[in-house]
Amino acid sequence: MKISYLDQDGTRTDLDAGEGTNLMELAVRGGVTTIEGECGGALACATCHVHIPDEWRGVTGEPSDDEREMLEFGVGVDERSRLCCQIRVTAAMDGLVVLTPASQR
Ligand code: FES
């Protein structure tokens, strides 16, 4: 399945995803430089912050309370915000476009 990452400057990276990985691992392996994933997915940083478009939020789900707390350290956080290491890839995400913030700091 195809999952895309769109930077604010318009750079788009299309990646082939398998089920079971998460959106942070996929991005880091695929060379999406706006997603750092500094803590390796341990929910201990906010460098995997992304925006999920409204039409996809039903598929990606809602953040846990712990994720919401960590999101307070993100830059440009709004109601679309997620820490993408917490989003496990499923078949329903084929065609998903993840929006990456301009800066994580
Ligand atoms: Fe650190 Fe997602 S990689 S919280």
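Me: What volume does the largest pocket have?

Reply: About 150 Å³. The volume is the space filled by probe spheres set on grid points, with points joined across faces, edges and corners. A pocket here is an open set of points on a 1 Å grid over the protein atoms alone, where a 1.4 Å probe fits, with protein on both sides within 12 Å along at least five of seven lines; lining residues have an atom within 4 Å of a point. Keep in mind that this is a predicted model: local features need pLDDT of at least 70, side-chain atom pairs count only at pLDDT 80 or more, and totals for chains, interfaces and linings use all residues. Numbering runs from 1 along each chain as its sequence is written, and side-chain values use heavy atoms, with hydrogens and water left out.

Me: Which residues line the largest pocket?

Reply: Arg57, Gly61, Glu62, Pro63, Arg68, Leu71, Val77, Asp78, Glu79, Arg80, Ser81 and Arg82. By type, that lining divides into three nonpolar, two polar and seven charged. The classes: Ala, Val, Leu, Ile, Met, Phe, Trp, Tyr, Cys and Pro are nonpolar, Asp, Glu, Lys and Arg are charged, and the others, Gly among them, are polar.

Me: Which elements each supply at least two residues of the lining?

Reply: α3 (65-71) and β4 (81-83). Helices (H or I, at least four residues) and strands (E, at least two) are DSSP runs, numbered from the N terminus.

Me: Ser81 is on the lining list. Is Ser81 buried or exposed?

Reply: Buried, at 4% relative accessibility. The cut-offs are under 20% relative accessible area for buried, over 50% for exposed, and partly exposed in between (1.4 Å probe, protein chains only). Ser81 lies in strand β4.

Me: What does the side chain of Ser81 reach?

Reply: The backbone nitrogen of Asp78, at 2.9 Å. Asp78 is also part of the pocket lining. There are side-chain partners too. Ser81 makes a polar contact with the side chain of His51 at 3.4 Å, and another joins the side chains of Ser81 and His49 at 2.8 Å. A polar contact is a pair of N or O atoms within 3.5 Å; within protein, one must be able to donate a hydrogen and the other to accept it, and residues adjacent in sequence count only if both atoms are side-chain atoms.

Me: And which residues is Ser81 in contact with, neighbours within four places aside?

Reply: His49, Val50, His51, Leu71 and Gly76. Contact means heavy atoms within 4.5 Å.

Me: Where is His49 found?

Reply: In strand β3, residues 49-51. His49 is buried, at a relative accessible area of 0%. Its C-alpha is 8.9 Å from that of Met24, 25 residues apart in sequence.

Me: What about the backbone? Which residue has a positive phi although it is not a glycine?

Reply: Leu43, with phi of about 60°. Leu43 sits in the loop between α1 (23-29) and β3. Leu43 counts as buried, at 19%.

Me: Let's go to α1. What does Leu23 touch, not counting residues up to four places away?

Reply: Ile3, Tyr5, Ile52, Cys84, Ile87, Val89, Leu96 and Val98. Leu23 is in helix α1 and is buried at 0%.

Me: And the loop between β2 and α1? Is Thr21 there buried or exposed?

Reply: Buried, at 10% relative accessibility. The side chains of Thr21 and Glu25 are joined by a polar contact of 3.1 Å. Further along the sequence, the contacts of Thr21 include Ile87, Arg88 and Val89.

Me: Glu19 is in that loop too. Buried or exposed?

Reply: Glu19 is exposed, at 58%. Beyond four places in sequence, Glu19 touches Met1, Val89, Thr90 and Ala91.

Me: Last one. Where does Thr60 lie?

Reply: In helix α2, residues 57-60. Thr60 is buried at 10%. Its contacts beyond four places are Ile52, Arg82, Ile87, Met93 and Leu96, and Arg82 is in the pocket lining.
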